[in-house]
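Subject: Handing over the structure

Hello,

Here is the structure I promised to pass on to you. Please open it alongside this message, and then read on for what turned up.

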Amino acid sequence: MSEAASAVQTIALIGGTGKEGKGLAYAWGRAGYTIIIGSRNFDKAQKAVEEVQALFSDGVNICGMENREAVLNADLAVLTVPFSAHRAILEQLKPDLQGKILIDVTVPLVPPKVTRVQMPPAGSATQEAQQILGEGVEVVAAFQNISYENLLDRQEVECDVLVCGGSRTARQVVLKLVHDTGLIGWDAGAVENAVVVEGLTSILI
């Protein structure tokens with residue numbers, strides 16, 4: 001295990017009140033991480049915390065905060081918002097994310113045509129995030145094609161997670177987090193490859 005990977009103890013889920021955010025909170029909480037569910041609304045974050053806590057019989061180290069506070073108190077951040085909110089929330093949190101790894105789970109789905117691959121001008125949501133945040137943040141794409149139900153499954157789930165973007169070291173950090181959810185992670189290389197990972201979601205739908 002790399003030193004960088006072992007240094008991650010606290011994970012902030014930005015916009016983590018949706019299904020995917022709560023699924024990841026459950027999976028990482030079960031693995032022993034400290035989880036912060038972030039939201040623009042503190043009460044909404046607290047409600048999501050209560051829903052995740054209810055899934056555990058023996059307790060979990062989890063709390064709710066507003067998004068900015070969540071990022072500042074975490075070792076690593078995960079963005080789990082709809083694509084329509086992607087740019088605005090990244091621009092808002094750009095100063096607070098500097099020096100961190102950001103896992104971007106976003107898929108550029110544009111309703112109502114969600115079964116059609118529609119990439120933004122940057123090439124992918126992950127590339128858009130990297131352009132907005134700059135070189136001070138390592139943006140890594142992961143978990144785009146894993147369902148909420150898979151994340152809640154306590155049994156071994158035969159699902160692969162493609163991890164791309166950031167540096168090789170950053171991808172190793174994320175691959176460990178994938179492993180700790182009980183899923184199988186693969187290093188999928190440079191950030192440009194995120195177009196394949198994100199586009200696959202529309203095809204799966």
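The model is predicted, so local features need pLDDT of at least 70 and side-chain atom pairs count only at pLDDT 80 or more, while totals for chains, interfaces and linings use all residues. Residues are numbered from 1 along each chain as its sequence is written, and side-chain values use heavy atoms, with hydrogens and water left out.

The sheet

Helices (H or I, at least four residues) and strands (E, at least two) are DSSP runs, numbered from the N terminus. Two strands count as paired if DSSP finds at least two bridges between them. On that basis there is an open sheet of eight strands in the order 3-2-1-4-5-6-7-8, with mixed pairing. Strand 3 (62–66) and strand 8 (184–187) are at the edges with a single partner strand each, so one side of each has no neighbour in the sheet. From one strand to the next, the twist averages 25°. Angles here run from 0 to 180 degrees between N-to-C directions, with axes as lines fitted to C-alpha atoms, for helices over the stretch in contact.

Strand 1 (residues 10–14) and strand 4 (residues 76–79) run parallel and are joined by four bridges. Within this pair, Ile-11 stands opposite Leu-76 in strand 4.

Which strands does helix 2 lie across? Helix 2 (residues 19–30) lies across strand 1, strand 2 (34–39), strand 3, strand 4 and strand 5 (101–104), and runs at about 170° to strand 1. Helix 6 (residues 125–133) also packs on the sheet, where it touches strand 5 and strand 6 (138–141) and makes about 170° with the direction of strand 6. Contact means heavy atoms within 4.5 Å.

The salt bridges

Side chains of opposite charge can pair when their charged atoms come close. The rule used is a side-chain nitrogen of Lys or Arg within 4 Å of a carboxyl oxygen of Asp or Glu. By this rule the count is six salt bridges.

One of them joins Lys-22 and Glu-51 at 2.5 Å, N to O. This pair links distant parts of the chain, with Lys-22 in helix 2 and Glu-51 in helix 3 (residues 42–53), 29 residues apart. Lys-22 is buried, at 14% relative accessibility, whereas Glu-51 is partly exposed at 34%.

Another joins Asp-187 and Arg-171 at 2.6 Å, N to O. Here too distant parts of the chain are linked: Asp-187 is in strand 8 and Arg-171 in helix 8 (residues 168–180), 16 residues apart. Asp-187 is partly exposed at 32%, and Arg-171 is buried at 8%.

Salt bridges that share partners also join Arg-87, Glu-91 and Glu-128 into one network. Within it, Arg-87 and Glu-91 meet at 3.3 Å, N to O. Because they are four residues apart in helix 5 (residues 86–97), about one helical turn separates them. Arg-87 is partly exposed, at 40% relative accessibility.

Last, have a look at Trp-186, which is found in strand 8 and is partly exposed at 48% relative accessibility.

Happy exploring!

Conventions
Buried means under 20% relative accessible area, exposed over 50%, partly exposed in between (1.4 Å probe, protein chains only).
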